[in-house]
Amino acid sequence: MLNLSSLSAPKGGHILALVLITVLLGACGQRDAPESTAPSPPDTTVADTMTVDRVLRTDDRFSTLTASLDSTGLDSILAGNGPYTLFAPPNAAFDALPNGTLPVLLSDRTDRLRTILAHHVVEQRVPLSSLSDTTTLVTLADDSLRIQPSDSTFTIENARVLDADITVANGLIHVIDAVLRPPEATE
């Protein structure tokens, strides 16, 4: 007669096989888990909320520009979908204006200030790195802005570009060293 006990697994062998199968099946299930359950690495790109307006607010160099945009309502435009290109004068450029100019513009002449600031905005993405010839653009003030490349920099009318092609969610920012003056704002 055949002794079946000699064919059976060693003592505890069934339990070990059952544990191995359970572990292997469990591991397979984890591999098929949705990706959303795993934490994602930090994003190093500009967040969609980092619009022209938001980026200006995070940089102390632009506190005067930000206050000026706020007083004219242009801040809400630059927070919109765009695309926009802003030629952004830092605080030092506003400090170089004739004494008393900015306080008057901020309090009594906000219409003039809006025209001046709108002359700094183009309703399209204009990467300076892609320009090789003199280019004329139409601004938000519905006038012309002339960009001229030179050997190592760009000139926007009377201003020199200090930092170009800063990419934001809704356009580009180019830091310039002067406040641009639209044709009707010359005095």
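The crossing of helices H3 and H7 is left-handed, a word used when the near helix is turned anticlockwise from the far one by less than a right angle, and I would like to begin there. What you see above is a predicted model, in which local features need pLDDT of at least 70 and side-chain atom pairs count only at pLDDT 80 or more, while totals for chains, interfaces and linings use all residues. Residues are numbered from 1 along each chain as its sequence is written, and side-chain values use heavy atoms, with hydrogens and water left out.

Helix H3, residues 63–72, packs with helix H7, residues 110–118, at an angle of about 120°, and their axes are 9 Å apart; the axes are lines fitted to C-alpha atoms, for helices over the stretch in contact, and angles run from 0 to 180 degrees between N-to-C directions. That angle makes H3 oblique to H7, given that under 35 degrees counts as roughly parallel, over 145 as roughly antiparallel, 65 to 115 as roughly perpendicular and the rest as oblique.

Which residues meet there? From H3 come Leu-65, Ser-68, Leu-69, Ser-71 and Thr-72, and from H7 come Thr-110, Leu-113, Arg-114 and Leu-117, contact meaning heavy atoms within 4.5 Å. By class, these residues divide into four nonpolar, four polar and one charged, where Ala, Val, Leu, Ile, Met, Phe, Trp, Tyr, Cys and Pro count as nonpolar, Asp, Glu, Lys and Arg as charged, and the others, Gly among them, as polar.

Turning to burial, the buried residues of H3 are Thr-64, Leu-65, Thr-66, Ser-68, Leu-69 and Thr-72, buried meaning under 20% relative accessible area with a 1.4 Å probe, protein chains only. They pack against several elements, including helix H2 (52–57), strand S1 (84–88) and H7. After H3 comes Gly-73, whose phi is positive, near 85°. In H7, the buried residues are Arg-112, Leu-113, Ile-116, Leu-117 and Ala-118, and their cover includes H3, H4, H5, H6 and strand S2 (121–122).

Is Leu-128 buried or exposed? Leu-128 counts as buried, because its relative accessibility is 0%. Leaving aside residues up to four places away in sequence, Leu-128 touches Ile-147, Phe-154, Val-161, Ala-164, Asp-165 and His-174. Asp-165 is 37 residues from Leu-128 in sequence, yet the two are 6.4 Å apart in space, C-alpha to C-alpha.

For the protein as a whole, 33% of the 187 residues count as buried.

Conventions
Buried < 20%, exposed > 50% of the residue type's maximum accessible area, 1.4 Å probe, protein only. Helix = DSSP H or I, 4+ residues; strand = E, 2+ residues; numbered from the N terminus.
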